[in-house]
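Thank you all for coming; I would like to walk you through one structure this morning, taking it piece by piece.

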Amino acid sequence: KNEVEQSPQNLTAQEGEFITINCSYSVGISALHWLQQHPGGGIVSLFMLSSGKKKHGRLIATINIQEKHSSLHITASHPRDSAVYICAVRSYNTDKLIFGTGTRLQVFP
Amino acid sequence: DAGVTQSPTHLIKTRGQQVTLRCSPKSGHDTVSWYQQALGQEPQFIFQYYEEEERQRGNFPDRFSGHQFPNYSSELNVNALLLGDSALYLCASSLLGQGYEQYFGPGTRLTVT
């Protein structure tokens with residue numbers, strides 16, 4: 001079993017829909033990252049969370065440390081949101097990131 | 001303020017050759033981490049450098065080595081290239097410490113033929 005699990009693996013949405021991507025982890029962490037990767041591209045950091053909730057534009061990220069679960073929400077989705085969204089946790093004992101397998105999102109006009 | 005930069009963007013090598021990839025961290029950052037992302041897979045941690053020393057290492061063979069310079073830039077070297085080394089190599093920089101966010105570069109896509 002992977003230490004970081006994401007769901008769903010693939011997600012298709014119509015423009016304007018509200019989207020939720022989930023991440024569960026099994027290790028002790030000091031922080032959780034949500035990352036975005038476009039096809040063939042590098043990685044952009046969206047959020048780093050250690051508790052609570054953060055919002056940036058149409059993106060909202062929440063984390064529940066007790067339940068070892070985080071969600072990334074996209075409101076009013078747009079085709080330019082189409083990308084792979086990756087959850088990565090920073091292990092409590094080290095600085096290295098452990099990555100989930102990603103959620104491939106496609107938003108159609 | 002320049003973010004994390006990597007060079008080259010793409011390169012093609014032949015099996016058995018050696019390659020050097022370069023990374024310049026975001027201004028003010030002192031720690032550089034390297035990740036390998038095979039096609040369709042999640043990134044895997046290779047190693048991390050701080051104060052010119054390898055601080056942590058993932059499950060990669062000794063063919064993968066690195067270096068950090070006094071200006072905090074870093075190199076990743078891979079010897080005796082295998083077809084399986086074909087991947088996107090990502091560099092991330094941060095300040096040392098778990099409270100600091102890692103910033104990723106655009107990556108170098110290595111193809112081994």
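**Cores, contact and charged pairs**

Let me start with Leu32(A), which, if we leave aside its neighbours within four places in sequence, is in contact with Cys23(A), Tyr25(A), Phe47(A), Met48(A), Leu49(A), Ile63(A), Ser70(A), Cys87(A), Ala88(A) and Val89(A). Please keep in mind throughout that this is a predicted model. Leu32(A) belongs to the largest nonpolar core, which has 25 residues, and together with Trp34(A), Leu72(A), Tyr85(A) and Val89(A) it touches the most other members. Several strands of chain A each supply at least two residues of this core, among them β4 (29–37), β5 (43–49) and β9 (83–91). There is also a second, separate core of 20 residues, and this one includes Leu21(B), Ile46(B), Phe64(B) and Val78(B).

Turning now to where the chains meet, the contact takes 21 residues from chain B and 22 residues from chain A. The area buried between them is about 1,700 Å², with carbon and sulfur atoms giving 49% of it. How many salt bridges does the rule find across this interface? It finds zero, although it does find four residue pairs in polar contact, both residues being at pLDDT 80 or more. On the side of chain B that touches chain A, the strands β4 (31–37), β5 (44–50), β6 (53–57) and β9 (87–94) each supply at least two residues, and by class that side has nine nonpolar, eight polar and four charged residues.

Finally, the charged pairs: a search of the whole structure finds four salt bridges over all chains. One of them joins Arg22(B) and Glu75(B), with the closest N and O atoms 3.4 Å apart, and it links strand β3 (residues 19–24) to strand β8 (residues 74–78) of chain B across 53 residues. Here Arg22(B) is partly exposed, at 41% relative accessible area, whereas Glu75(B) is buried, at 18%. Another is formed by Arg63(B) and Asp85(B), at 2.9 Å from N to O; these residues lie in two loops of chain B, so the pair ties together parts that are 22 residues apart in sequence. Both Arg63(B) and Asp85(B) are buried.

Conventions:
Residues are numbered from 1 along each chain as its sequence is written. Chains are lettered from A and ligands numbered from 1 in the order in which they are written. This is a predicted model: local features need pLDDT of at least 70, side-chain atom pairs count only at pLDDT 80 or more; totals for chains, interfaces and linings use all residues. Side-chain values use heavy atoms; hydrogens and water are left out. Contact means heavy atoms within 4.5 Å. Buried area is the accessible area (1.4 Å probe) that two parts lose on being put together, summed over both. A salt bridge is a side-chain nitrogen of Lys or Arg within 4 Å of a carboxyl oxygen of Asp or Glu. A polar contact is a pair of N or O atoms within 3.5 Å; within protein, one must be able to donate a hydrogen and the other to accept it, and residues adjacent in sequence count only if both atoms are side-chain atoms. Helices (H or I, at least four residues) and strands (E, at least two) are DSSP runs, numbered from the N terminus. Ala, Val, Leu, Ile, Met, Phe, Trp, Tyr, Cys and Pro count as nonpolar, Asp, Glu, Lys and Arg as charged, and the others, Gly among them, as polar. A nonpolar core is a set of buried Ala, Val, Leu, Ile, Met, Phe, Trp, Tyr and Cys residues joined through side-chain atoms within 4.5 Å. Buried means under 20% relative accessible area, exposed over 50%, partly exposed in between (1.4 Å probe, protein chains only).
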